[in-house]
Structure formats: C-alpha cells, structure tokens
Amino acid sequence: MEMATVRHRPEALELLEAQSRFTKKELQILYRGFKNECPSGIVNEETFKEIYSQFFPQGDSTTYAHFLFNAFDTDHNGSVSFEDFVMGLSILLRGTVQEKLNWAFNLYDINKDGCITKEEMLDIMKAIYDMMGKCTYPVVKEDAPRQHVETFFQKMDKNKDGVVTIDEFIESCQKDENIMRSMQLFENVI
C-alpha cells in the first residue's frame with residue numbers, strides 16, 4: 001500500500017511539470033510550502049483569506065483575497081487544490097504576456113460574463129485600496145478608486161459602450177509600456 005502512494009506522487013508531479021512551467025525541483029518546493037500551510041492539500045476560501053492577510057497586515061485584504069481565490073478556483077468548486085494553485089502561479093510567474101493578460105482579465109471579470117463593467121472594476125479597486133490600508137503615503141483620497149476606474153475605462157473602453165471586452169483589455173495593455181514592464185517583474189521568482 002505504501003509503495004503505491006509513494007509511486008503516485010512523482011507521477012502527479014511529472015504531470016504537473018509537463019502542464020506547468022516549473023521544474024520538478026520547484027514543484028517539490030512549492031508542494032512542501034503548500035502542504036505546510038494546508039495539510040489537507042486543499043484550500044478553502046477562509047483559509048486562503050487567512051494566509052493572504054499575512055501579506056497585508058496593514059489593511060483589510062478579505063475582499064481582494066475573495067476575488068483572487070475565485071481566479072485560482074478555475075473549476076469553481078469552492079476550493080483551490082495544489083494543481084489549481086500551481087497552474088495559476090505558472091501563468092502569473094512564467095506565462096506568456098497573452099496568458100497573463102487573460103488571467104488578469106478573468107480576475108477583473110467578477111461575474112465571468114466576458115466583459116468588465118465599471119461596477120466590477122470599482123469593486124476590485126476598492127478591494128485593492130482596502131488591502132493597502134489607510135496608512136499610505138501620500139494619503140489616498142476617498143474617491144481615488146472611482147478616479148482609477150474612470151482612467152481605466154477612458155484607456156480601455158475603445159468603443160465607449162461602458163464595458164471592456166477581453167480584446168479591448170489585451171490590446172490596451174499591450175500598448176501600455178508600464179503594464180508590459182510589470183508583466184516581467186516576477187518572471188524569475190522561486
């Protein structure tokens with residue numbers, strides 16, 4: 001019985017190695033960390049929020065962690081498995097620009113209807129500002145999230161129909177040097 005269990009793990013890791021952009025060694029490191037935080041091997045939303053809040057102790061990351069959890073939970077079963085986590089991380093850290101932009105669009109498209117509305121973007125922006133906390137310098141004005149959304153839509157909503165489609169999002173991001181530079185920031189992490 002023990003032998004079957006031992007043999008099963010490397011096969012799963014080999015499959016993940018083939019599907020992701022991580023080496024076997026990197027996957028082993030990620031797996032140890034994941035199992036350390038989540039011994040059951042599966043993360044529910046509450047646990048995800050607790051873990052995520054440790055990175056942003058100065059603010060309330062609950063809402064943003066909820067959106068992030070939904071982006072990692074690709075099969076929408078209410079939990080994030082190690083495989084879900086690795087595949088999301090693989091895109092964020094090692095994916096092509098197109099894959100990263102698709103992932104970001106999916107994060108912002110809260111109701112998953114194929115377009116981003118001002119309300120969805122405002123929910124995301126408020127969540128980001130809450131997560132960063134009230135102790136920012138310079139102090140963030142109360143209407144900053146709404147101004148951010150207006151700027152986002154002026155830039156991205158090419159046909160001015162009040163929603164941003166995946167095509168508008170990708171095209172606008174690819175033309176923005178700052179966004180393109182930020183896409184490369186985490187490529188060599190791990």
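Modeller: Let's start with Asp176, which is buried in this predicted model: its relative accessible area is 13%, and the cut-off for buried is under 20%.

Colleague: Which side chain does Asp176 meet in a salt bridge?

Modeller: That would be Lys155, at 2.5 Å from N to O. Lys155 counts as partly exposed, with 39% relative accessibility.

Colleague: Where in the chain do Asp176 and Lys155 lie?

Modeller: Asp176 is in the loop between α9 (166-175) and α10 (177-183), while Lys155 belongs to helix α8 (residues 144-156), so their pair ties together parts 21 residues apart in sequence.

Colleague: How many salt bridges does the count come to?

Modeller: The count is 9. Another one is between Arg94 and Glu26, at 2.9 Å from N to O. This pair links distant parts of the chain, 68 residues apart, with Arg94 in helix α5 and Glu26 in helix α2 (residues 24-37).

Colleague: Is Glu26 buried or exposed?

Modeller: Buried, at 14% relative accessible area. Arg94, at 22%, is partly exposed.

Colleague: What about Glu177 and Arg181, how far apart are they in helix α10?

Modeller: They sit 4 residues apart, about one turn of the helix. Their salt bridge has its closest N and O atoms 3.9 Å apart, and Glu177 is exposed, with a relative accessible area of 60%. There's also a network to look at: Glu45, Glu46 and Lys49 are joined by salt bridges that share partners.

Colleague: Now the rings. What describes a pair of aromatic rings?

Modeller: You give the distance of the centres and the angle of the planes. This structure holds 16 aromatic pairs. Take Phe48 and Phe72: the centres are 6.2 Å apart and the planes are at 55 degrees, so this pair is tilted. Phe48 comes from helix α3 (residues 45-53) and Phe72 from helix α4 (residues 62-72), so the pair ties together parts 24 residues apart in sequence. Phe48 and Phe72 are both buried.

Colleague: Which residues do ring pairs link into a cluster?

Modeller: Among them are Tyr31, Phe34, Phe48, Tyr52, Phe72, Phe82 and Trp103.

Colleague: Phe82 takes us to α5. What should the span of that helix be?

Modeller: Helix α5 (residues 82-94) has 13 residues, and at 1.5 Å a residue it should span 18 Å; the end C-alpha atoms are 17 Å apart, which agrees.

Colleague: And which residues in α5 are buried?

Modeller: Phe82, Asp84, Val86, Gly88, Leu89, Ser90 and Leu93.

Technical notes: Residues are numbered from 1 along each chain as its sequence is written. This is a predicted model: local features need pLDDT of at least 70, side-chain atom pairs count only at pLDDT 80 or more; totals for chains, interfaces and linings use all residues. Side-chain values use heavy atoms; hydrogens and water are left out. Rings of Phe, Tyr and Trp (its six-membered ring) pair if their centres lie within 6.5 Å; planes under 30 degrees apart count as stacked, over 60 as edge-to-face and the rest as tilted. Helices (H or I, at least four residues) and strands (E, at least two) are DSSP runs, numbered from the N terminus. Buried means under 20% relative accessible area, exposed over 50%, partly exposed in between (1.4 Å probe, protein chains only). The expected span of a helix is 1.5 Å times one less than its number of residues. A salt bridge is a side-chain nitrogen of Lys or Arg within 4 Å of a carboxyl oxygen of Asp or Glu.
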